[in-house]
There are 2 protein chains.
Amino acid sequence: MLVAERIEQVRAWRGHVEGSVGFVPTMGYLHVGHLELVRRARRENDAVVVSIFVNPLQFGPHEDFARYPRDLQRDLRLLQGERVNLVFAPEIAEIYPPGFTTQVDVGPIGERLEGASRPGHFRGVATVVTKLFMIVQPHRAYFGWKDAQQVVVIRKLVADLAIPVEIVAVPTVREPDGLACSSRNVYLSPEERRVAPALYAALARARALWQEGERDAERLRQAVRARLADEPLLRVDYVSVADAATMEELVVVDRPAILSLAAWLGTTRLIDSELLGVE
Amino acid sequence: MLVAERIEQVRAWRGHVEGSVGFVPTMGYLHVGHLELVRRARRENDAVVVSIFVNPLQFGPHEDFARYPRDLQRDLRLLQGERVNLVFAPEIAEIYPPGFTTQVDVGPIGERLEGASRPGHFRGVATVVTKLFMIVQPHRAYFGWKDAQQVVVIRKLVADLAIPVEIVAVPTVREPDGLACSSRNVYLSPEERRVAPALYAALARARALWQEGERDAERLRQAVRARLADEPLLRVDYVSVADAATMEELVVVDRPAILSLAAWLGTTRLIDSELLGVE
């Protein structure tokens, strides 16, 4: 497994690869959700690249960029076990050298929900993903459905700019109690950790209603909110039932939709989602 | 020579090309300046692609998008004579289908000079160039120095996003009287056409001063303005002596610089430029 810190190293490696390249962009501090992406990439491609880069551009000024968990040695050990060919772990200045100014913006689809709570977040995501795609030049790239809006935004980015990369979205991996795997789960106190599965429980309740035929989007949102209201430690940011293509809120769930939420547990902001009729 | 209107046709062709691909993006209505780019691409690559697309995104609402000259049949005849392999001439909806929203923005470097006179112009240029690069996937792309700020912006775009394309800038081709070749020259009345060489004459005068050792940027600008003032039909938009890396106006020409101007002749806006110490 080659570990590259420089763009030029990745380009040199890439120039000699035969066959297909699968790419898993991450912010590191890997968990089984990431490993699921890596395994899927391993099965579907001749070579696998994982990037580890905590992207400052996608964090707001008062967000958790500084305290975001990092442990490169642990990440490398985990990836070694997955037969990854190349790990790209650049310093910030390698991706954003002094004078860097270019931004990629997907427009309104990135200004809703996570984009409304985190202004500029998806511009940061779109910019770094575009640059990583240009560096790695993969055939396929793998993202988790937990960050559902991110999947939709990146598919829009790739479609709009005709970037020649297939986006593969992989189902969310969960802890046995339902909590979606996330690097941010380490922020939770034991008490918060006990409450956290309520997020998925709330989504699962609304999804069950949808499966029973409920198509009123507001009733589904209310079902989520009602379950979350049982947990006094939880502070809801948003609950959404949105068109899976545009991320616009729905009145009637008459098309593929994404049920999603964001909530605070103390100083930790968690998100989760469920797909409603998305293939 | 294959003529493709669809992105898929270009991708299919591209998948079978051996060796290097040179790309000349144009807005059509080709002149000898374009043909010079094509010949350079032909010499330096195994295959040559030319795109013909009048990009609505880079025109302001009151600009000449509707009346911009178009003659695809004439363009194809000219390119046939240059041994071009593929011409990509898409409809607007092929590049910007309904719902297209993604924009690429290079920041302040694209907000000066042409960007100040034409807000959004370079965002439109950066967006379409990125998309065309993703479709054609060339090794090298060719641009004329006449649009000097465009060259600088595209080099910044490619550097910032690590787009794997080499940008080759080619010297401006001029009419015998010095007027830079431009598709917009057809707009000129016979009287305006007689005045138009003053643009280059003014630049050449300032460049001569620079070659004699003048390093005061304002004196160079004044030399340009003084020559243009001789022509009552000309209305100056800007005269600039700017850092060739950042397009910021200089006080002292102590580094590679771009001397450029924009001026109106009746309803036609022309630009021209000269390089001061740019390799």
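In this predicted model, Leu265(B) stands opposite Thr268(B), a residue of strand β10(B). The two residues belong to a part of chain B where a pair of strands runs side by side: strand β9, residues 257-265, and β10(B) pair in the antiparallel sense over nine bridges. Together β9(B) and β10(B) form a hairpin with two residues between the strands. Within this hairpin, Gly266(B) takes a positive phi near 65 degrees.

Strand β10 of chain B covers residues 268-276, and nine of its nine residues are buried, so the strand is largely enclosed by the rest of the structure.

Ser260(B) is found in strand β9 of chain B. With a relative accessibility of 6%, Ser260(B) counts as buried, because the cut-off for that class is under 20%. Leaving aside neighbours within four places in sequence, Ser260(B) is in contact with Asp272(B) and Ser273(B), and also with Leu113(B), Leu203(B), Tyr238(B), Val239(B) and Ser240(B).

Side chains of opposite charge can pair when their charged atoms come close. Glu274(B) forms a salt bridge with Arg207(B), and the closest N and O atoms of the pair are 3.5 Å apart. Since Glu274(B) lies in strand β10 and Arg207(B) in helix α9 (residues 197-211) of chain B, the pair ties together parts that are 67 residues apart in sequence. Glu274(B) counts as buried at 15% relative accessibility, whereas Arg207(B), at 21%, is partly exposed.

Another such link in chain B joins the side chains of Arg39(B) and Glu82(B), with an N to O distance of 2.8 Å. Here Arg39(B) sits in helix α2 (residues 32-44) and Glu82(B) in the loop between α3 (72-80) and β4 (86-88) of chain B, so parts 43 residues apart in sequence are tied together. Arg39(B) is partly exposed, at 34% relative accessibility, and Glu82(B) is buried, at 14%. A further salt bridge connects Arg227(B) with Glu231(B), whose closest N and O atoms are 3.2 Å apart; both Arg227(B) and Glu231(B) are buried. In chain A, Glu114(A), Asp237(A) and Arg269(A) are linked in a network of salt bridges. Over all chains, the structure holds 46 salt bridges.

Between chain A and chain B, however, the count of salt bridges is zero. The two chains have 16 residue pairs in polar contact, both residues being at pLDDT 80 or more. The contact takes 25 residues from chain A and 25 residues from chain B. Chain A and chain B bury about 1,900 Å² between them, with 59% of it on carbon and sulfur atoms. Thr102(A), Asp160(A) and Leu161(A) supply 30% of the area that chain A buries against chain B, more than any other three residues.

The side of chain A that touches chain B draws at least two residues from each of β5 (103-105), α6 (121-136) and α7 (148-160) of chain A. The largest share, five residues, comes from α6(A). By class, this side of chain A has twelve nonpolar, eight polar and five charged residues. Strand pairing also spans the two chains: β5(A) and strand β5 of chain B, residues 103-105, pair in the antiparallel sense over three bridges. Asp105(A) has Gln103(B) as its bridge partner in β5(B).

Val186(B) lies in the loop between β7 (166-170) and α8 (190-195) of chain B. Val186(B) is partly exposed, with a relative accessible area of 47%. Apart from neighbours within four places in sequence, Val186(B) is in contact with Tyr29(B) and Pro69(B). The C-alpha atoms of Val186(B) and Gly19(B), which are 167 residues apart along the chain, are separated by 38 Å.

Terms used
Residues are numbered from 1 along each chain as its sequence is written. Chains are lettered from A and ligands numbered from 1 in the order in which they are written. This is a predicted model: local features need pLDDT of at least 70, side-chain atom pairs count only at pLDDT 80 or more; totals for chains, interfaces and linings use all residues. Side-chain values use heavy atoms; hydrogens and water are left out. Buried means under 20% relative accessible area, exposed over 50%, partly exposed in between (1.4 Å probe, protein chains only). Helices (H or I, at least four residues) and strands (E, at least two) are DSSP runs, numbered from the N terminus. Two strands pair if DSSP finds at least two bridges between them. Contact means heavy atoms within 4.5 Å. Buried area is the accessible area (1.4 Å probe) that two parts lose on being put together, summed over both. A salt bridge is a side-chain nitrogen of Lys or Arg within 4 Å of a carboxyl oxygen of Asp or Glu. A polar contact is a pair of N or O atoms within 3.5 Å; within protein, one must be able to donate a hydrogen and the other to accept it, and residues adjacent in sequence count only if both atoms are side-chain atoms. Ala, Val, Leu, Ile, Met, Phe, Trp, Tyr, Cys and Pro count as nonpolar, Asp, Glu, Lys and Arg as charged, and the others, Gly among them, as polar.
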